[in-house]
Amino acid sequence: MTRQHTIVFALAVTAMLVATSSLAAELKIGDTAPNWSGIPGVDGKKHSLSDYQKAKLVVLVFTCNHCPVARDYEERLIALQKEYKSKGVQVIAVAVNDLDEDRLPAMRGRAAGKELGDWRTNKEPFNFPYVYDESQKIGRDYSATATPHVFVLDGKQKIAYMGSVDDNQNVKKVKERFLSDALDALLAGKQPPKAKTKEFGCTIKWKEEKK
Amino acid sequence: MFADALCLRAAVPTAVVIALLVGGCSRPSSPQPSSTEPVKLEVIDEAAFTKVLEGHRGKVVLVDFWATWCKPCMELFPHTVQLHRRLADRGLAVVSVSFDDPDEDRAAAFEFLTRQGAAFQNFISAYGAGTRSVEAFKLEGPLPQVKLYDRLGKLRKTLGGKSGEVDPQELDRAVEELLGET
């Protein structure tokens, strides 16, 4: 290939990648968290980030119904919300998957503690909002890549933590509770010991681009 | 003692012949393994993984990172098995690494691999389904992920993970390109 052809080719490939990925540039710790509003929840109401501005910290968790990893974390999130509610922490679960079993009607059942399948032992309902963004915009804005994928927003709407809830899907093998440690540090006015951890789980099911 | 020596003399070349027959040199068309033939599955950490890659120097290596909790991974796996069947003779080495829990879900992983006829090296991460696996094997984002190493052992392409699902056509093209390199 001539040098000119190479440049043109590289530009074309880049354009293609940008067009097909359509994820925002990845967020960094300290960035202003993207705003979001009017997203319907399993409670029948519309939810906005501004509804929660009284919270000291917001824990935004991208999750879904079907993914075994996400399911394994539901109990931990319920327990976490219980533990940190009085300290001003608000958990919000958000789903964006383009998959029938992950949409609002099915979400209602799961949030109510029903139709749980193998991956939950207790049947407690969610003690936090579970919202569904059909447009998937919130997923793109946050560059969410997996379920579950956690973002902690501080009192100034800045990203203070990103990544996983803890270090193992198997609750018996958890050694580091990244999210809890981050919350404890932030509530004490300090930086999290690990502000960014690796997320793992299932891919987010994006709507296919029109071909 | 005499008999022993004789036996040994006969045993070694016989063993070599058997090994050749079983292990096989390059054959024009490998017989399809039965889908119930037991496969191998070993626990692995990052140090052992490096050794596995080194052992395949000279071949193009495809590493398929999967798990039984990852549906798209299990849907992609037959394609990986096909690549092995089609291209092993042309110098493609296929390796699978599962991020299932090595204690609780090893049996499920083994069962899946057996049903798939995964007649290549299969491993299960010592660290199971967690961040340590992601870090140890240097993955970015969720599963599925497929890594391709060239004949010199250099990582040349990663598919899936943060960039979305693995596209089988893109994978085929990348494998062919690397096989074609001298």
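Modeller: Before we start, helices here are DSSP runs of H or I with at least four residues, strands are E runs of at least two, and both are numbered from the N terminus. Keep in mind that this is a predicted model.

Biologist: Got it. Where in chain A is A:Ala188 found, then?

Modeller: A:Ala188 sits in the loop between α5 (178–187) and β9 (202–203) of chain A.

Biologist: What does the rest of chain A look like, in helices and strands?

Modeller: Chain A has five helices and nine strands, in the order α-β-β-β-α-β-α-β-α-β-β-β-α-β from the N terminus. Of its 211 residues, 38% count as buried.

Biologist: Which residues have the most contacts inside the largest nonpolar core?

Modeller: A:Val59, A:Val94 and A:Val152, in a core of 94 residues. Leaving out residues up to four places away in sequence, A:Val94 touches A:Leu60, A:Val61, A:Phe62, A:Val131, A:Asp133 and A:Ile138.

Biologist: Where does α3(B) bend?

Modeller: At B:Phe77, by about 30°, with a proline, B:Pro78, following within four residues. B:Phe77 is also one of the buried residues of α3(B), along with B:Cys73, B:Leu76, B:Thr80, B:Val81, B:Leu83 and B:His84. Their cover includes β2 (60–66), β3 (92–98), α4 (106–116) and α6 (168–180) of chain B.

Biologist: How many residues of chain B are in contact with chain A?

Modeller: 18 of them, meeting 19 residues of chain A. Helix α5 (residues 131–136) of chain B gives the largest share of that side, four residues. The chain B side divides into six nonpolar, six polar and six charged residues.

Biologist: And how confident is the predictor about chain B?

Modeller: Its pLDDT averages 87, with 80% of the residues scoring at least 70. Over residues 19–30 of chain B, though, the pLDDT is below 50. Where pLDDT is low, the predicted coordinates should not be read in detail. The model as such scores ipTM 0.83 and pTM 0.83.

Key: Residues are numbered from 1 along each chain as its sequence is written. Chains are lettered from A and ligands numbered from 1 in the order in which they are written. This is a predicted model: local features need pLDDT of at least 70, side-chain atom pairs count only at pLDDT 80 or more; totals for chains, interfaces and linings use all residues. Two residues are in contact if their C-beta atoms, placed from the backbone, lie within 7 Å. Ala, Val, Leu, Ile, Met, Phe, Trp, Tyr, Cys and Pro count as nonpolar, Asp, Glu, Lys and Arg as charged, and the others, Gly among them, as polar. pLDDT is the predictor's confidence in each residue, from 0 to 100. A nonpolar core is a set of buried Ala, Val, Leu, Ile, Met, Phe, Trp, Tyr and Cys residues joined through C-beta atoms within 7 Å. A residue is buried if 20 or more other C-beta atoms lie within 10 Å of its own, exposed if 12 or fewer, and partly exposed in between; C-beta atoms are placed from the backbone. The bend at a residue is the angle between axes fitted to the seven residues ending there and the seven starting there.
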